[in-house]
Amino acid sequence: MLSRLIYASEATEALNPEKVETLLAQARCHNEQRDITGMLIFNSRCFLQVLEGEREPLSDLYGRLTHDTRHRRLLLLGFESIGERLFPGWSMGFAAADASHRTEYLRFGDTSQFDPYRLTAPAALGLLTNWRRATTPAGRAKGQASLQPVAAAG
Ligand SMILES: Cc1cc2nc3c(=O)[nH]c(=O)nc-3n(C[C@H](O)[C@H](O)[C@H](O)COP(=O)(O)O)c2cc1C
């Protein structure tokens, strides 16, 4: 059963770009093996991640995420069955949430800050989907010099 999971969490250590790149590379490799797709947004403090795939591997991954000491305060925003993926072909997209996206935070939430803990599941999905649209199919971020979102091939 195809499902979608969205959660928020807080980084436990200063994750510099290199560490996030390593985390993403491993995540993409695992996700490709398990046919899991999605997107991760990070603002140096909080994460917002959407994961799509079959229910069992998805539930298993969430279990592993809850034991990962690189983040804490995991808040499950939503877990639902879906008809189709919103992030097909994205083994794990990535975007840095910075102040230049204030308008989007206000559009989908009630504050101009990136605060995934305050988002409902539909609002979080709206924000993530909006970000995915702002990224070219090749996965190059518009106007970002580093940590570009990368879509999986295919
Ligand atoms: C914010 C964050 C996002 C992550 N996203 C994924 C992911 O999409 N896929 C994945 O396999 N692991 C992801 N991980 C890593 C997992 O928590 C875990 O370390 C990895 O799946 C390996 O688990 P294992 O050591 O139990 O085999 C993420 C970790 C963090 C902190």
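In what order do the strands form the open sheet? I read the order as S4-S1-S3-S2-S5, five strands with mixed pairing. I took strands (E, at least two residues) and helices (H or I, at least four) as DSSP runs, numbered from the N terminus. Two strands pair if DSSP finds at least two bridges between them. I also noted some background: strands of a sheet pair through backbone hydrogen bonds, either parallel or antiparallel.

**Ground rules.** I am working with a predicted model, where local features need pLDDT of at least 70, side-chain atom pairs count only at pLDDT 80 or more, and totals for chains, interfaces and linings use all residues. Residues are numbered from 1 along each chain as its sequence is written, and side-chain values use heavy atoms, with hydrogens and water left out.

**The sheet.** I went back to the order S4-S1-S3-S2-S5. Strand S4 (71-81) and strand S5 (93-96) are at the edges with a single partner strand each, so one side of each has no neighbour in the sheet. From one strand to the next, the twist averages 15 degrees. I then followed S2 (residues 37-42), which pairs with S5 in the parallel sense over four bridges. In this region Ile41 stands opposite Ala95 in S5.

Helix H1 (residues 17-34) lies across S2 and S5. H1 runs at about 160 degrees to S5. Such angles run from 0 to 180 degrees between N-to-C directions, with axes as lines fitted to C-alpha atoms, for helices over the stretch in contact.

**The whole chain.** I listed four helices and five strands. From the N terminus on, they run β-α-β-β-α-β-β-α-α. The protein has 154 residues, and 50% of them count as buried. Buried means under 20% relative accessible area, exposed over 50%, and partly exposed in between (1.4 Å probe, protein chains only).

**The ligand.** Which residues come nearest to the ligand? I found His30, Asn31, Gln49, Arg64 and Asp68, out of 15 residues around the ligand. A residue is near if one of its heavy atoms lies within 4 Å. Next I checked polar atoms. Asn31 has a polar side-chain atom 2.8 Å from a nitrogen atom of the ligand. For Gln49, a side-chain N or O atom is 3.1 Å from a ligand nitrogen atom. For Arg70, a side-chain N or O atom is 3.2 Å from a ligand oxygen atom. On its own the ligand has 620 Å² of accessible area, and the protein covers 77% of that. These areas come from the Shrake-Rupley method with a 1.4 Å probe.

**Gln49.** Is Gln49 buried or exposed? Gln49 counts as buried because its relative accessibility is 6%. I placed Gln49 in strand S3 (residues 46-54). Its side chain makes a polar contact of 2.5 Å with the side chain of Tyr7. A polar contact is a pair of N or O atoms within 3.5 Å; within protein, one must be able to donate a hydrogen and the other to accept it, and residues adjacent in sequence count only if both atoms are side-chain atoms. Beyond four places in sequence, Gln49 is in contact (heavy atoms within 4.5 Å) with residues including Leu5, Met39 and Met92.

**Asp98.** I found Asp98 in the loop between S5 and helix H3 (102-108). Asp98 counts as partly exposed, because its relative accessibility is 34%. A polar contact of 2.5 Å joins its side chain to that of Ser100.
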